[in-house]
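I opened this model to look up its fold, its sheets and its ring pairs. My entries are below.

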Amino acid sequence: MLYNILDKIKSPADVARCSLEELTALAGSIRNIIIDTCAKNGGHLAPSLGTVDLTLALYSIFNPEQDKIIWDVGHQAYAHKILTGRRDRFATLRTKGGITGFPKMAESACDAFGVGRASTSISAAVGMAIERDMLKQNHKVIAIIGDGAFTGGEAYEGLNYAGNAGKNIIVILNDNEMSIDKNVGAMAEYLARIRIDPQYNRVKKDIREFIHGIPYIGKTLWKAGDSLKDGVYAALTPGSLFEFLGYTYVGPIDGHNIAFMKEVFAKAKDLDGPVLIHVRTTKGKGYDFAESEPDKYHGVGKFDRSTGELIKKAGAAPSYTEIFSNALIELAEKNPRISAITAAMPSGTGLKKFAKVYPDRFFDVGIAEEHAMTMAAGMAAAGGKPVIALYSTFAQRAYDQIVHDVCLQKLPVTICLDRGGLVGADGPTHHGVFDYSYLRHIPNMVVMAPKDENELRNMLYTAIEYNGPIAVRYPRGSATGVPVDAGFKKLEIGRGEILSSEGKQIVLLAVGSMVKHSIKAAEILRQSNIYTTVVNMRFIKPLDTALLEGLAGEAELVVTLEENALAGGFGSAVVEYLSDAGINTRVMRLGIKDSFIEQGSCPELLALCGLTPQQIADDIVKKYGEL
């Protein structure tokens, strides 16, 4: 398929020279590229399709090579990438060595700020505006934030500060779920036109100055009129909340009307102080399947463009997420105090199914991990059994709440960390490789990771039965494929299991996803007549110290294996304990070294980190030969 209209776009500045007819054709071409690429590579399809027209209108007025344009989260920035010099490489989206799925400063000068988290854009924009003003520069600073990201507390912190500081920034609120305002149509467009008219703003200023200038009573009259003025204003004006925060509010406007958006952006460009432009868009615009099911096509794997059907691996085992979901529903049937909490990820964490079965016991708090964690603490303090499911990488945002609100008070909150370890194409912003490290040093916390489906079920049961803070960490994607046992078994806290014991000289201590790799590495070593003991430690904290002392005391080499950062992780815990116990056995730690890991498929990234079974076996042979 050819995208001829794109041939004339050599830089973002070329967009401004396009006619409306050309911009409309350009929108269609960009959508085709996005759909074709996501069909082959997967990606954030629906949100990026929804912002194509917005991006074209924006870049008709602003130039990302000069102005600072920040795309919150980055889910909606594919058109931005195509228009800023990455069209020829767009087919490499989210692949190893290709362009990333999110804006990244090192990838393009047009990526003003690296993203991958929700609700950060306004705070970053304020910081850039402060530096611009200090340097007496005059470029524009623009934050594009979705209504979903507006549920995050950081967005309001940035919004409040920017309004109070009066900085010249433009915030574009991309509303695609009717979550803020339903006032669309002719009246809203009329209000928008009036609000951005320079004469309207001059009149407001003149009236204020006139009343203030009345001798003796001017300021008193202005203050006396505030309550009446504010009440009438709030009743008649969409977005009055933003006006009260210090913004000039414009909208809501049609986010697919390129001509009108250009007019709005051009006039907003010359307004003083912070401006908030409320734009309504349709998620998945231009692709019927994505428009009808935007949640399904938000972050999507490979699919058939003609049918919209997702392409799944034949015979793949159920995912760990699915195993968790089914187990929690089973447990909730027997225990009415169990409830489930997530932060805007009911589908991703598997809780959407739980919500259908137990709607009164399911709570989606939006993109607000801090609130979710403290809410869970409050429920636990009142006698509940809350289970909070978050992606590992997003749980980092609730670190202080885990420390202060959960662990300090020894509350029975079960924290389920999905996407633990390397997650693949979403790259370094989403890899969950720090959770062992940021959880295990917190007093009162228990941390465990399952080797397979049944162990996940049993760990979830153990966690809910445990009277204190406890975390279960499991990986993205398919589980191991073992048959799922009926019922549940309570595990003893801090007890591992020996899986094979063929030789005492080399001991492999593995947790979570690395257990299966350790078993395969041991099989490879056996072929070279090197015999090992393989242990599923299960618990990162507390360690099975009795088992550890017994094995390490006789071993010549202890190997720790984890899909987590080596700094402060499981291997560090083992080394610390052996050192404190005076056991001088040589230890080799295998895991994620001190660097952010790029994007790619999970097998590619495991190889990059040296964590495939063959690489593990080779490293052990080399290390053992040096002893």
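The notes go from the whole chain to strands, then to aromatic rings.

**Ground rules.** I am working from a predicted model: local features need pLDDT of at least 70, side-chain atom pairs count only at pLDDT 80 or more, and totals for chains, interfaces and linings use all residues. Residues are numbered from 1 along each chain as its sequence is written, and side-chain values use heavy atoms, with hydrogens and water left out.

**Whole chain.** I count 24 helices and 17 strands in the chain. Both are DSSP runs numbered from the N terminus: helices are H or I with at least four residues, strands are E with at least two. Of the 627 residues, 55% count as buried. Buried means under 20% relative accessible area, exposed means over 50%, and partly exposed lies in between, with a 1.4 Å probe and protein chains only. The chain exposes about 26,700 Å², and carbon and sulfur atoms supply 53% of that area. Areas come from the Shrake-Rupley method with a 1.4 Å probe; for residues, only the protein chains shown count as cover. I also checked contacts, meaning heavy atoms within 4.5 Å. Among those with a separation of 6 or more, 76% join residues 24 or more positions apart.

**The seven-strand sheet.** In what order do the strands of the open sheet run? I read β7-β6-β8-β9-β11-β10-β15, with mixed pairing. β7 (362–364) and β15 (539–541) are the edges; each has a single partner strand, so one side of each lacks a neighbour in the sheet. The twist averages 20° from one strand to the next. Two strands pair if DSSP finds at least two bridges between them. β6 (residues 338–342) and β8 (residues 385–391) run parallel and share five bridges. Thr342 stands opposite Ala389 in β8. Helix α13 (residues 320–334) lies across β6, β8 and β9 (414–418), at about 145° to β6. Axes are lines fitted to C-alpha atoms, for helices over the stretch in contact; angles run from 0 to 180 degrees between N-to-C directions.

**Strand β4.** Is β4 enclosed or open? Six of the seven residues in β4 (residues 248–254) are buried, so the strand is largely enclosed by the rest of the structure. β4 pairs in the parallel sense with β5 (residues 275–280) over five bridges. I find Val250 bridged to Ile277 in β5.

**Ring pairs.** I searched the whole structure and got 15 aromatic pairs. Rings of Phe, Tyr and Trp (its six-membered ring) pair if their centres lie within 6.5 Å; planes under 30 degrees apart count as stacked, over 60 as edge-to-face, and the rest as tilted. Tyr78 and Phe90 have ring centres 5.7 Å apart and planes at 75°, so they are edge-to-face. Tyr78 is in helix α4 (residues 78–86), and Phe90 is in the loop between α4 and α5 (121–134), 12 residues apart. Tyr78 is buried at 0% relative accessibility. Phe90 is buried too, with a relative accessible area of 0%.

Tyr399 and Tyr438 are also edge-to-face, because their centres are 6.4 Å apart and their planes at 90°. Tyr399 sits in α17 (residues 399–407) and Tyr438 in α18 (residues 435–440), 39 residues apart. Tyr399 is partly exposed at 32%, whereas Tyr438 is buried at 11%. Phe150, Tyr156, Phe242 and Tyr249 form one aromatic cluster.

**Charges over rings.** I require NZ of Lys or CZ of Arg within 6 Å of the ring centre and within 35 degrees of the ring normal. Arg361 has its charged end over the ring of Tyr358, 4.4 Å from its centre. Arg473 lies over the face of Tyr436, at 4.1 Å from the ring centre.
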